[in-house]
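I opened the model in the viewer and kept notes as I went. The entries follow in the order I looked things up.

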Amino acid sequence: MVKKLSLTSEEKLSYLGEWPSLLTESQRQDLCDSLEVLQCSKNEVIYKEGDLARYLHCLSSGHMRLAYRCPDGRERILSLLHPIHLFGLRPFLARKNHMFSSSTIDDVILCRMPNS
């Protein structure tokens, strides 16, 4: 089950690791205003292959997998994601559909930024 966490600006930024320190104060504030922090349970699908990329995702804790369906129906795992890993960047910037699906392997904390 996906649960949206209610956090302060500083708490939200703490889930993103070191990279917010590269931003200016106004950029950090804009990021905090749009950033969502989600708590997801095990085996939760974050997005499916073919879904429109509405968010850029950052895995804060836990592990995830990126996979796609083979023509014969089997799922092939492409990548395992570890904490402080950005994913979904290419379709997010191109405003295209995801080429792969993503799902959680265990309980995770996930940050996402909308495409707006």
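Which residues have the most contacts inside the largest nonpolar core? I looked this up and found Leu13, Leu16, Leu31, Leu35, Val37, Cys111 and Met113, in a core of 13 residues. I took a nonpolar core as a set of buried Ala, Val, Leu, Ile, Met, Phe, Trp, Tyr and Cys residues joined through side-chain atoms within 4.5 Å. Buried means under 20% relative accessible area, exposed means over 50%, and partly exposed lies in between, with a 1.4 Å probe and protein chains only.

Note on the source: this is a predicted model, where local features need pLDDT of at least 70, side-chain atom pairs count only at pLDDT 80 or more, and totals for chains, interfaces and linings use all residues. Residues are numbered from 1 along each chain as its sequence is written, and side-chain values use heavy atoms, with hydrogens and water left out.

Helix H2 (25-34), strand E4 (55-61) and E9 each give at least two residues. The largest share, three residues, comes from E9. Apart from this core lies another, of ten residues, including Leu38, Leu81, Phe87 and Leu110. I then checked Leu31: it touches Leu13, Leu16, Trp19, Leu23 and Met113, leaving out residues up to four places away in sequence. Contact here means heavy atoms within 4.5 Å.

**Sheet.** I traced an open sheet of five strands in the order E1-E2-E9-E4-E7, with antiparallel pairing. Two strands pair if DSSP finds at least two bridges between them. At the edges I found E1 (3-5) and E7 (85-87), each pairing on one side only. I then zoomed in on E2 (residues 36-40) and E9 (residues 108-114), which pair in the antiparallel sense over five bridges. Gln39 stands opposite Ile109 in E9.

**Ser101.** Is this residue buried or exposed? Ser101 is buried, because its relative accessible area is 17%. I placed Ser101 in strand E8 (residues 101-104). Ser101 touches Tyr47, Lys48, Glu49, Arg65, Leu66, Ala67 and Glu75, again not counting residues up to four places away in sequence.

**Whole chain.** I counted three helices and nine strands. These are DSSP runs numbered from the N terminus: helices are H or I with at least four residues, strands are E with at least two. Along the sequence I read the pattern β-α-α-β-β-β-β-β-β-α-β-β. The C-alpha trace spans about 50 × 30 × 20 Å along its principal axes. Buried residues make up 36% of the 116 residues.
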